[in-house]
Amino acid sequence: MISRTEIQEAGRRIAMHVRRTPVITMEEKAFGIDAKILFKLECLQHTGSFKPRGAFNCILSSEIEEVGVIAASGGNHGAAVAYAAHKLGHSAQIFVPVITPKNKVERLRQYGASITVIGSNYAEALAASRERAAQTGAVAIHAYDDARVLAGQGTLGMEFEEQVRGLDAVLIAVGGGGLIGGAAAWYQDRVRVIGVEPERAATLHKSLAAGQVVEVETGGIAADSLGARRVGDLMFPIAQKFVAQSLLVSDEHIAQAQRMLWQQLRLVVEPGGATALAALLSGAYKPDPGERVGVVLCGSNAELASFPA
């Protein structure tokens, strides 16, 4: 279990390397919902997602040899590792599956990473990266099943609470579970932490129902960022203890959330980044009248050519 002390230490460690992202408080009954909605704009973080928090904490907590670091990613974690490694003077090797959008692969190149495109999904890219790490001795940075990464992601929850007191609930999109695991470890039972997943990538939802981590098939418009076939072993007991609800939303409602964020706030948010809001728009999460609901917009790396108009 990740402690609040570990998250506080991570916060001090990474403070000079990450942005303190803003919070927007929406007007009353925004989107037709009788609740006070507060957006945490982590989509404005370096590299366009929350991932640098965990990447910086992991690298700064490790002894890195000349061979550098290695990671597998659907795009956002790889970009974060490449960015953090570049800023800290290390080399990075990133393995991505073939489903990774071209714009995310291009971002990796911009950060100076060595890129290997392999496998039809994240699990196959991860297996290949682990084999290469064993061969070279590079420090492997798992996207979500690493205590250092979890503590780093937990700093988002800590920061959000410093900015906004008295939230009743926080909605967080779930892929492999690093962000919600870290945030839930921070909030514990003081705020209702709500996990939101696409119907076609119900990884945490099905694991919680089974009472153990299970592997699932994933797909849909958010698969590149939320398409982990299993959640992390480290985050799962945190979720069992501190995640109040696990909700599912359709691809159509995710696209609707993207459109609403663009139309009302002029924010370009990727499908995974809009998934938490989709729970409110679809009615999957029904807040009490006047409830204060935090919504984490966790990624902005949208493929503009396919962005819903």
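Valine 117 is partly exposed, with a relative accessible area of 49%, where partly exposed denotes the range between buried, under 20% relative accessible area, and exposed, over 50% (1.4 Å probe, protein chains only). This residue lies in strand 5, which spans residues 114-117; helices (H or I, at least four residues) and strands (E, at least two) are DSSP runs numbered from the N terminus. The model is a predicted one, in which local features need pLDDT of at least 70 and side-chain atom pairs count only at pLDDT 80 or more, whereas totals for chains, interfaces and linings use all residues. Residues are numbered from 1 along each chain as its sequence is written, and side-chain values use heavy atoms, with hydrogens and water left out.

Together with Val98 and Ile99, Val117 forms a nonpolar surface patch with about 270 Å² of accessible area. Accessible areas come from the Shrake-Rupley method with a 1.4 Å probe, and for residues only the protein chains shown count as cover. Patches are made of residues with over 30% relative accessible area and no salt bridge, with like charges joined within 9 Å and nonpolar side chains (Val, Leu, Ile, Met, Phe, Trp, Tyr) within 5 Å; a salt bridge is a side-chain nitrogen of Lys or Arg within 4 Å of a carboxyl oxygen of Asp or Glu.

Valine 18, by contrast, is buried, with a relative accessible area of 14%, and is placed in the loop between helix 1 and strand 1 (23-25). Leaving aside residues up to four places away in sequence, Valine 18 touches Gln45, His46, Pro52, Arg53 and Phe56, a contact being heavy atoms within 4.5 Å. Between valine 18 and glutamine 45 the C-alpha to C-alpha distance is 7.1 Å, although 27 residues separate them in sequence.

Pro52, Arg53 and Phe56 are among the buried residues of helix 2, a helix of residues 52-60 that is mostly covered, with eight of its nine residues buried. The buried residues of helix 2 pack against helix 1 (4-14), helix 3 (76-88) and helix 6 (147-163), as well as against strand 2 (35-40) and strand 3 (69-72).

Over the protein chain as a whole, 12 helices and 10 strands are assigned. The radius of gyration is 18 Å, close to the 19 Å that the globule rule gives for 309 residues, so the chain is as compact as a globular protein of that length; this radius is taken over C-alpha atoms, and the rule is 2.2 Å times the number of residues to the power 0.38. Of the 309 residues, 61% count as buried.
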